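These are my notebook entries on one protein chain. I record what I looked up, topic by topic.

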Amino acid sequence: MVLPRRLRRVNRVGLNRLVVHVAPRLPGLGMVVHRGRRSGHVYRTPVMVFRHGEQIVVALPYGDDTDWVRNVLGPGKSAVVTRGRTLPLVSPRIARDPQHRAVPALVRPFLRALGADSFLTAGTVPAAG
């Protein structure tokens with residue numbers, strides 16, 4: 001059971017507008033910065049983000065068919081801002097992990113309850129500056 005589309009709209013209009021201000025600084029949260037495939041507009045999407053070795057792992061509780069995921073997987077650059085650092089995403093891809101091994105143990109029950117076993121994974125390169 002991935003979260004319903006209607007909840008996506010509610011979050012985008014309400015909750016995300018608040019979370020976008022704190023997500024880049026809090027552990028377990030971050031913000032994906034990406035460019036729209038058609039519009040070219042720069043978007044900032046709050047996400048649950050974790051480190052797993054040299055990889056960045058972003059939980060996809062709404063599934064892997066959201067606009068922001070398609071934008072990140074498409075041509076162009078994207079980055080994640082987490083704990084005050086901007087990390088460009090390298091070779092992003094969708095990964096399935098039903099055991100949720102790539103996320104902290106405290107987060108696993110929440111994602112299991114949602115049936116969210118899709119993740120966006122990518123390598124990172126520290127941003128210059």
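Predicted model: local features only at pLDDT ≥ 70, side-chain atom pairs only at ≥ 80, totals over all residues.

**Entry 1. Conventions**

I take helices (H or I, at least four residues) and strands (E, at least two) as DSSP runs, numbered from the N terminus. Residues are numbered from 1 along each chain as its sequence is written, and side-chain values use heavy atoms, with hydrogens and water left out.

**Entry 2. Overall layout**

I looked up the elements of the protein chain and found 3 helices and 6 strands. Read from the N terminus, their order is α-β-β-β-α-β-β-α-β.

I then turned to burial, where buried means under 20% relative accessible area, exposed over 50%, and partly exposed in between (1.4 Å probe, protein chains only). Of the 129 residues in the protein chain, 42% are buried.

For contacts I use heavy atoms within 4.5 Å. Among contacts in the protein chain with a separation of 6 or more, 61% join residues 24 or more positions apart.

**Entry 3. Strand pairing**

I count two strands as paired if DSSP finds at least two bridges between them. Strand β4 (residues 79-82) pairs with strand β5 (residues 85-96) in the antiparallel sense, over 4 bridges. I noted T82 opposite R85 of β5. The hairpin of β4 and β5 has 2 residues between the strands, and R83 there takes a positive phi near 50°.

β5 also pairs with strand β6 (residues 118-124), again in the antiparallel sense, over 6 bridges. In this pairing I find T121 of β6 as the bridge partner of R93.

**Entry 4. Nonpolar cores**

I define a nonpolar core as a set of buried Ala, Val, Leu, Ile, Met, Phe, Trp, Tyr and Cys residues joined through side-chain atoms within 4.5 Å. In soluble globular proteins, nonpolar side chains tend to be buried together.

Which residues have the most contacts inside the largest nonpolar core? I find I56, V58, W68, V80, L89 and L120, in a core of 14 residues. Two or more residues come from each of β2 (42-52), β3 (55-59), α2 (67-73), β5 and β6. The element that gives the most to this core is α2, with 3 residues.

I listed what L89 touches, not counting residues up to four places away in sequence: I56, V72, S78, A79, V80, L120, A122, G123 and T124. Another core lies apart from this one and has 11 residues, among them A59, A102, L114 and F119.

I examined A59, which belongs to strand β3. A59 is buried, because its relative accessible area is 4%. Leaving aside neighbours within four places in sequence, A59 contacts M48, L111, S118 and F119. From A59 to A102 the C-alpha separation is 9.6 Å, across 43 residues of sequence.

I also checked M31 in strand β1 (residues 29-35). Its relative accessible area is 8%, so M31 is buried. M31 and V49 lie 18 residues apart in sequence, with their C-alpha atoms 8.3 Å apart.

**Entry 5. Salt bridges**

Side chains of opposite charge can pair when their charged atoms come close. My criterion for a salt bridge is a side-chain nitrogen of Lys or Arg within 4 Å of a carboxyl oxygen of Asp or Glu. By this rule I count 4 salt bridges.

In one of them, the side chains of D67 and R37 meet at 4.0 Å, N to O. This pair links distant parts of the chain, with D67 in helix α2 and R37 in the loop between β1 and β2, 30 residues apart. D67 is partly exposed at 47% relative accessibility, and R37 is partly exposed at 37%.

D67 also forms a salt bridge with R70, with 3.7 Å between the closest N and O atoms. D67 and R70 are 3 residues apart in helix α2, so about one helical turn separates them. R70 is partly exposed, at 38% relative accessibility. Salt bridges with shared partners join R37, D67 and R70 into one network.

I next looked up D64 and R96, whose salt bridge has its closest N and O atoms 2.9 Å apart. D64 lies in the loop between β3 and α2 and R96 in strand β5, so the pair ties together parts 32 residues apart in sequence. D64 counts as partly exposed at 25% relative accessibility, whereas R96 counts as exposed at 51%.
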